[in-house]
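I record the criteria beside each entry.

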Amino acid sequence: MTSFQRARSDEQREVRRRAILDTAAAMLAEMSVAQVSLNELSRRVGLAKSNVLRYFESREAVLFELANAKSREWLDDLDATLAVAIDADAPPSERGDQVARALATSLAERPVLCDLISSQAAVLERNVSREAAAKYKHDSIGHVTRLAELVRRKVPELGERDALRFTAAFMLTAGAMWTHSHPTAAVIAAYEADPSLAVWRLDFTRSLCEMSAVVISGLLARQSR
């Protein structure tokens, strides 16, 4: 825990904001989004809860800002990842599969971002103001648009519209699959007790890759008509 004196300058206030976000990120390495409380966040960052609320209007607002930061980090690294993963001379269908595999693998390496994405509608959007929600939605549109452009560079046959369709579907699918691939202890026990239930046990990376490959293949097939 860090103790802070009162922030008196913009630079000091930015240090407080960064400390709050870094502490929230560290907590998410230990626990799920649902387990992160404002009280514990305040205790770990060394500020009274009322002081944390001077910088962020709620716990959810902290996590929204963290989701945006983690999304930007992922996208910043993704260009280099795709450059290595995609064979520019391969036919469109193969490049589509390669894109699906690269996106799924790279996202799986960022569990904090995956947890934030999966919690967006059910948790993060439940206790924020209209202004905070609008800012997050605008930022999300920017992230999806940027991701679509990265995909379209590798599979230009998709076109702008279908690249956006694919990336929107990819993000929605990622959120759902992350939740289902991280079941509760009771569900895990049920799987272990009854092997016939194994069909419901998902591997996040493989399942996301397979579903994304199907989507991008379908969009390419529609383009070729």
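I counted rings of Phe, Tyr and Trp (its six-membered ring) as paired if their centres lie within 6.5 Å, with planes under 30 degrees apart called stacked, over 60 edge-to-face and the rest tilted. The model is predicted, so I noted that local features need pLDDT of at least 70 and side-chain atom pairs pLDDT 80 or more, while totals for chains, interfaces and linings use all residues. Residues are numbered from 1 along each chain as its sequence is written, and side-chain values use heavy atoms, leaving out hydrogens and water.

Entry: aromatic pairs. I searched the whole structure and found four aromatic pairs. One of them, Phe166 with Phe170, is tilted, at 6.2 Å centre to centre and 40° between the planes. Both Phe166 and Phe170 are buried (under 20% relative accessible area; exposed is over 50%, partly exposed in between, with a 1.4 Å probe and protein chains only). I also looked up Trp178 and Phe204, which form an edge-to-face pair at 5.0 Å centre to centre, with 85° between the planes. Trp178 is buried at a relative accessible area of 11%, and Phe204 is buried at 6%. Ring pairs link Trp74, Phe166 and Phe170 into a cluster.

Entry: helix crossing. I took helices as DSSP runs (H or I, at least four residues; strands are E, at least two), numbered from the N terminus. The axes of H4 (residues 59–85) and H5 (residues 92–108) come within 10 Å and cross at roughly 140°. I fitted axes as lines to C-alpha atoms, for helices over the stretch in contact, with angles from 0 to 180 degrees between N-to-C directions.
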